[in-house]
Every structure is written in C-alpha cells, then in structure tokens.
Amino acid sequence: MSNDKTQFVTVVVLNDGETFTDIQGCSVCVVPLEQYEETIKNGGDARDFEPVVEIELDNMTLPMSRKDHIAFEDSLARARAIARRQAIEGEENA
C-alpha cells in the first residue's frame, strides 16, 4: 500500500500506448523529415538520426515561480492520492 514516503519515477510513454521507459537518458530530437523517412524506409533506428536540436529530458529542469511550485505540489499530492486509492482498490479486488 502507498504511504507519504512513496517514491516515483518519471516515464516516457510512446504514442503506441504500450512502449515506455524511465526518462533517464531520453531526449526529444528534431530531425529533417527526409532523414526520418529514410531511416524508417531503411530499417534504421534512432541512433541513425543526426538531430539539429536535441533536448535531454533527464537534464531538463524548468524554473518555477512560487505559484507554479505550489500548483505542482498540489498536482503531486493529487497523483499520490489517486495512486493510494488505486492500490487500495487493487487490494480489495485481489
């Protein structure tokens, strides 16, 4: 069951709704469309891309105002409450 010391991990979920991984080492890349299409056509993978812009997600921090920080903390508290409720419901249905 969840408690106030629940630890979380940030994950990236791909658009197929099934593929996911923790965010560590992930990045968002902007690549030319032609390169993207050629990579797919030739059975390549993401290592073949030569991005013109790459944002490393595990190193990305966004500055927050106090108001945004409070809103973030509220959202996190709601997420924890939902996780606790789902854990309890899962135990009841087991």
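Q: Is E38 buried, exposed or partly exposed?
A: Relative accessible area sorts residues into buried (under 20%), exposed (over 50%) and partly exposed in between, using a 1.4 Å probe and protein chains only. E38 has a relative accessible area of 35%, so E38 is partly exposed. A word on the source: this is a predicted model, in which local features need pLDDT of at least 70 and side-chain atom pairs count only at pLDDT 80 or more, while totals for chains, interfaces and linings use all residues. Residues are numbered from 1 along each chain as its sequence is written, and side-chain values use heavy atoms, with hydrogens and water left out.

Q: Which side chain does E38 meet in a salt bridge?
A: A salt bridge needs a side-chain nitrogen of Lys or Arg within 4 Å of a carboxyl oxygen of Asp or Glu. Here the partner of E38 is K41, with an N to O distance of 3.9 Å. Both residues sit in helix α1, and because they are three residues apart, about one helical turn separates them. K41 is exposed, with a relative accessible area of 64%.

Q: How many salt bridges does the structure hold?
A: There are two. Besides the E38 and K41 pair, D45 forms a salt bridge with R47, and their closest N and O atoms are 2.8 Å apart. D45 is partly exposed at 31% relative accessible area, whereas R47 is exposed at 73%.

Q: Where does T39 lie, and which helix is that?
A: Helices (H or I, at least four residues) and strands (E, at least two) are DSSP runs, numbered from the N terminus. T39 belongs to helix α1, which covers residues 33-41. With a relative accessible area of 9%, T39 counts as buried.

Q: Which residues is T39 in contact with, leaving aside its neighbours within four places in sequence?
A: Contact means heavy atoms within 4.5 Å. By that rule, T39 touches G44, D45, D48 and F49.

Q: What pattern does the protein follow along the sequence?
A: The order reads β-β-β-α-β-α, made up of two helices and four strands. Q24, for one, lies in the loop between β2 (20-22) and β3 (27-30). Q24 is exposed, with a relative accessible area of 57%.

Q: How many of the 94 residues count as buried?
A: The buried share is 4% of the 94 residues. T39, at 9% relative accessible area, is one of the buried residues.
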